[in-house]
Amino acid sequence: MTPAPVIELRNATKSYPGGVHALREVNLTVQEGELLAVVGPSGSGKSTMLNIMGTLDKPTTGTVEVAGYDVSGLSDSRLSALRARHIGFVFQHFHLAAGRDAVDNVADGLLYAGVPLKERRRRAREALAGVRLDHRRSHTPNELSGGEKQRVAIARALVGSPRLLLADEPTGALDTASGELVMELLHELNASGTTVCVITHDNEIADSLPRRVRFRDGEIVSDTRSGVPLGPRTEGAGS
Ligand SMILES: Nc1ncnc2c1ncn2[C@@H]1O[C@H](COP(=O)(O)OP(=O)(O)OP(=O)(O)O)[C@@H](O)[C@H]1O
Ligand SMILES: [Mg+2]
């Protein structure tokens with residue numbers, strides 16, 4: 001089967017009042033099954049792009065297609081449904097609910113998918129087993145280590161079996177060993193067919209992935225696949 005684009009950004013820009021251009025005419029196509037790193041200095045627009053790719057934010061100009069849908073015309077509830085079906089997020093600082101155990105935090109990942117509570121919890125237990133946290137499933141976030149919290153966050157992102165996983169610095173807050181386990185999980189996930197896009201500050205991690213997209217000042221300055229440039233980045237830009 002030929003790979004289909006999971007995400008397509010065309011001439012996407014994001015501007016804020018006061019002349020901040022967080023993204024400038026970004027063109028990016030992510031194909032089904034890819035595993036890519038997004039790297040670049042602080043403030044270069046990485047999180048902005050990830051949020052736009054995941055439809056958590058809208059571009060100022062340009063278009064975003066997710067699984068072939070142009071998302072610009074969709075209402076908030078349609079967008080929530082699209083996200084629930086296709087996209088999982090892992091945030092740098094976990095975003096877990098305090099006072100709720102690991103199972104319920106993960107089960108919340110299915111809140112918008114219309115799955116009954118009992119089934120949400122069953123799938124949550126399965127997802128926790130997948131990130132090797134069987135033994136911690138009744139622990140609340142304050143009873144978990146940083147690496148364990150990150151794995152709960154990953155399980156929550158995966159519990160709806162998304163086609164696309166977007167992870168913003170998933171190893172940023174972790175020690176080397178926990179970071180390696182998280183990367184191992186992301187590799188496994190990718191091997192089983194999920195498209196994975198990871199923002200990282202860690203060059204070693206970036207270099208270990210099959211594709212690297214480098215950002216500077218809101219622009220993609222290079223895009224390489226296993227050391228091979230992906231060709232002109234100017235498609236549709238008129239130059
Ligand atoms: N709501 C906002 N209003 C104004 N400017 C913003 C807003 N959000 C982000 N920015 C600016 O947009 C630029 C890109 O921010 P973004 O968060 O995408 O950077 P980043 O590459 O993820 O950085 P980091 O590595 O530090 O997380 C920055 O200059 C930031 O100050
Ligand atoms: Mg960021």
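A157 touches G88, F89, V90, G109, P162 and L165, leaving aside residues up to four places away in sequence; two residues count as in contact if their C-beta atoms, placed from the backbone, lie within 7 Å. The model is predicted: local features need pLDDT of at least 70, side-chain atom pairs count only at pLDDT 80 or more, and totals for chains, interfaces and linings use all residues. Residues are numbered from 1 along each chain as its sequence is written, while chains are lettered from A and ligands numbered from 1 in the order in which they are written.

One of the contacts of A157 spans a stretch of the sequence: A157 and G109 are 48 residues apart along the chain, yet 6.3 Å apart in space, C-alpha to C-alpha. A157 is buried because 23 other C-beta atoms lie within 10 Å. By definition, a residue is buried with 20 or more other C-beta atoms within 10 Å of its own, exposed with 12 or fewer, and partly exposed in between, the C-beta atoms being placed from the backbone. A157 lies in helix α5.

The description now turns to the ligand. Ligand 1 is surrounded by Y16, V20, A22, G40, S42, G43, S44, G45, K46, S47 and T48, each with its C-beta atom, placed from the backbone, within 6 Å of the ligand. The shell divides into three nonpolar, seven polar and one charged residue, where Gly counts as polar.

Finally, the whole protein may be considered. The protein has seven helices and eleven strands, which are DSSP runs (H or I, at least four residues, for helices; E, at least two, for strands) numbered from the N terminus. The radius of gyration is 18 Å, close to the 18 Å that the globule rule gives for 239 residues, so the protein is as compact as a globular protein of that length. This radius is taken over C-alpha atoms, and the rule is 2.2 Å times the number of residues to the power 0.38. Buried residues make up 41% of the 239 residues.
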